[in-house]
Amino acid sequence: MKISSRTAQRIAKTLIWASALFVIVILLAIIIFILIKGVPEISWQFLTEIPRNMGRSGGISSSIVGTLLVTAVAVIIATPFGVGTAFYLTEYTREGKVTRIIRFSAESLSGIPSIVYGLFGFIFFVMYLKLGWSILSGGLTLAVMILPTIIRTSEEAIRTVSYQYREVSFSLGGTKWQTITRAVFPSAVRGIAVGVILGIGRCVAETAAVILTAGSALRMPESIFSPTRTMAEHFYILAREGISMEKAYGTAALLIIIIFIINVVANMLINRYVAKGH
Amino acid sequence: MKINKEKISGTIFLLIALSALSVLALITVFIFIKGVPIIAKVGFFDFVFGMVWDPGNGAFGIFPMIFGSVTVTLGAAVLGVPIAICCSIFLAEFAPAVLSNIVRPAIQLLAAIPSVVYGFWGLLFVVPAIRNHLGGPGLSILAGSIILAIMILPTIISIAEVSLLSLPRHYKEGAYALGLTQWQTIRSVLLPAAKSGIVAAIILGIGRAIGETMAVIMVLGNAVAIPQSILDPARTLTTNIGIEMGYASGDHQQALFATGIVLLVIVMILNAFAQYVTRRK
């Protein structure tokens, strides 16, 4: 019972093509199902009214605002730290003990489950720093969560900047700070933006970490100290407690559309980056 | 003055760069501070190997959850890993440029879909399918494994693909020159050469599966008992925290943090292992 190498090649090729096809079919099955069920639910009222009757009627405007604010806090906090870390790793030091420790920390952070981030955010931001269930607590928790993503993508972007840029800048008498801000950063900014956009995507999609830190209030937030309920949380609560399938589908469809746009933008940035010859 | 300024900016960047380390330390310290007392009170052995979880009566044994996490994750690996490896081979070796430019962003999108959406989809399709065709309540280890298998695909595919693509060209050329078929080349030259990257990919995928919460909550049934078959419901470490954290207080809340410690330790070991495997090559 020995299979000839030709037959083996044919079987393997079929299986490999089939697996790729399977992945695409699954993706389409999920996206199309949610969109077909959910897009008809999205209307002007749905986007602009606040939820009424626990979310059974009305819209999801407060959740949309809450999601935007939580994400904004996360990105505003995480970006300077992430990009700064990437600059330190690439420009300020040689590979050694310090870089190894920093890389190990970032890698470990990226493996921590989001529910553990939620536990941490709850005990540290909500309880210990007494920020309560709030947009700020949720945003800070997400900032910690997306930090490794931003570090990694920024570092890759900075590494692709040709070394000549730095040499020219130094030869003109530029200091390290001038070289970084005027020569390296402008050429790496597109790649850094990709990291930030991917971070935004993770914030929008996250549920476990925000449910324990941002609360689940349905009213319109007044400030970043107000509790809120992000769209992903709202969808989860609607679906799990069976409050309203229609509103759940609508929220999920809106989430999918936002995630899709975020991914398309990130990809366009990457492609233009590649096309520019970096 | 100039030199001073340079020094200052260097120090500032170092401080910023230590942020990752600092938050990692903060996370570990705070979760341990909150969780260790209850482990000490119950006893490490009784906590980890205790079979009864009944917070109302002070029984905190998480073995059923550990068992649940391990079985659901193993199931996900059994179902997901072969598909993911095949798909990474497809992208690295078979796909024409046009196709890989469609498949690659599609896989990124798969990674970006909120986990609650996966759970919801599983609840509406996978759970009824299992109930109707295989029996049982449908909410089951099998349903959880199927959903997690899909969710870990992007992680494994992208890392495995990178390690296949980073192999030197002459490996493949040498193999073809010896008259090997494409599959023989992949099986006996490329896969063994990319082994460390692929193993790391699988470990990171497993780490992702064991840490997933929201999708699993919706399809697993969440019963605290050792399941008798893959068609029985189960509860994982993550879902235990996700379900009960909303209303827990006192010892009960501490026990959920202690569940978090166990989860954190498992994931850290997996991560360190993945990093070790990648570095060794």
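A crossing is left-handed if the near helix is turned anticlockwise from the far one by less than a right angle, and right-handed if clockwise. By that rule, H3(A) passes H8(A) in a right-handed crossing. Helices (H or I, at least four residues) and strands (E, at least two) are DSSP runs, numbered from the N terminus.

This is a predicted model: local features need pLDDT of at least 70, side-chain atom pairs count only at pLDDT 80 or more, and totals for chains, interfaces and linings use all residues. Residues are numbered from 1 along each chain as its sequence is written, while chains are lettered from A and ligands numbered from 1 in the order in which they are written.

**Confidence**

- The model scores ipTM 0.93 and pTM 0.93.
- Mean pLDDT (the predictor's confidence in each residue, from 0 to 100) is 91 for chain A, where 97% of residues reach 70 or more.
- Chain B has a mean pLDDT of 92, with 98% of its residues at 70 or more.

**Chain A layout**

- Chain A has 11 helices and 2 strands.
- From the N terminus, its elements run α-α-β-β-α-α-α-α-α-α-α-α-α.
- The C-alpha trace of chain A spans about 70 × 65 × 35 Å along its principal axes.

**Domains of chain A**

- Domain 1 covers 5–41 and domain 2 covers 44–275; such bounds come from an automatic or database domain assignment.
- The C-alpha centres of the two domains lie 29 Å apart.
- Their contact takes 7 residues from domain 1 and 8 residues from domain 2; two residues are in contact if their C-beta atoms, placed from the backbone, lie within 7 Å.
- The domain 1 side of this contact has 4 nonpolar, 1 polar and 2 charged residues.
- In these classes, Ala, Val, Leu, Ile, Met, Phe, Trp, Tyr, Cys and Pro count as nonpolar, Asp, Glu, Lys and Arg as charged, and the others, Gly among them, as polar.

**H3 against H8 in chain A**

- Helix H3 (residues 61–92) and helix H8 (residues 176–205) of chain A pack at about 140 degrees, with axes 9 Å apart.
- Axes are lines fitted to C-alpha atoms, for helices over the stretch in contact, and angles run from 0 to 180 degrees between N-to-C directions.
- H3(A) and H8(A) are therefore oblique to each other; angles under 35 degrees count as roughly parallel, over 145 as roughly antiparallel, 65 to 115 as roughly perpendicular and the rest as oblique.
- Residues of H3(A) in this contact include Val70(A), Ala74(A) and Phe87(A), while those of H8(A) include Ile180(A), Val184(A) and Ile192(A).
- The contact of H3(A) with H8(A) divides into 13 nonpolar, 4 polar and 2 charged residues.

**Contact between chains**

- Chain A gives 67 residues to the contact and chain B gives 62 residues.
- Helix H2 (residues 19–42) of chain B supplies the largest share of the chain B side, 10 residues.
- The chain B side holds 43 nonpolar, 16 polar and 3 charged residues.
- Helix H4 (residues 97–111) of chain A and H2(B) have axes that come within 8 Å and cross at roughly 50 degrees.
- That angle makes H4(A) oblique to H2(B).
- H4(A) passes H2(B) in a left-handed crossing.
- Ile101(A), Ile102(A), Ser105(A), Ala106(A), Ser108(A) and Leu109(A) of H4(A) meet Ala20(B), Leu21(B), Val23(B) and Leu24(B) of H2(B).
- The contact of H4(A) with H2(B) has 8 nonpolar, 2 polar and no charged residues.
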